[in-house]
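Visitor: Please take a close look at a single part of this model: the pairing of charged side chains. I would like one connected account.

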Amino acid sequence: DDLSKERVCELGLEGHRYFDLVRQHRAAKVIKTYGANRANRRGLYFREGVNELFPIPQTEIDVSNGIVEQNPGY
């Protein structure tokens, strides 16, 4: 639809497209499709549930007194 196309243009040029895809739970599908169509296969090996996560700073984990746990893989 038109709104989706507008978001691609706006967020892509501002460097926020990836985060929008993660919020919409579409990152794996879109990035793998992109990778399959590229000669260098960049993005083809995107792993859902792994590559959407970032490490939580250790200071935040420390001050939470054990409530906050590190994201898997970090």
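**Salt bridges**

Guide: Arg7 is partly exposed, with a relative accessible area of 33%. The model is predicted, and every value here is computed from it. Arg7 belongs to helix α1, which runs over residues 2-14. That helix has 13 residues and spans 18 Å from first C-alpha to last, close to the 18 Å expected at 1.5 Å a residue. Just after α1, Gly15 adopts a positive phi of about 80°.

The partner of Arg7 is Asp20; their side chains form a salt bridge, with N and O 2.5 Å apart. This pair joins distant parts of the chain, since Asp20 sits in helix α2 (residues 17-23), 13 residues from Arg7. Asp20 is buried because its relative accessible area, 2%, falls under the 20% cut-off.

Asp20 also has a salt bridge to Arg23, where the closest N and O atoms are 3.6 Å apart. That distance counts because the cut-off is 4 Å. Here both residues lie in helix α2, three residues apart, or about one turn of the helix. An α-helix has 3.6 residues a turn, so residues three or four places apart point the same way. Arg23 is exposed because its relative accessibility of 56% is over 50%.

The count of salt bridges comes to two.

Conventions:
Residues numbered from 1 in each chain as written. Predicted model: local features only at pLDDT ≥ 70, side-chain atom pairs only at ≥ 80, totals over all residues. Heavy atoms only, no water. Helix = DSSP H or I, 4+ residues; strand = E, 2+ residues; numbered from the N terminus. Expected span 1.5 Å × (residues − 1). Buried < 20%, exposed > 50% of the residue type's maximum accessible area, 1.4 Å probe, protein only.
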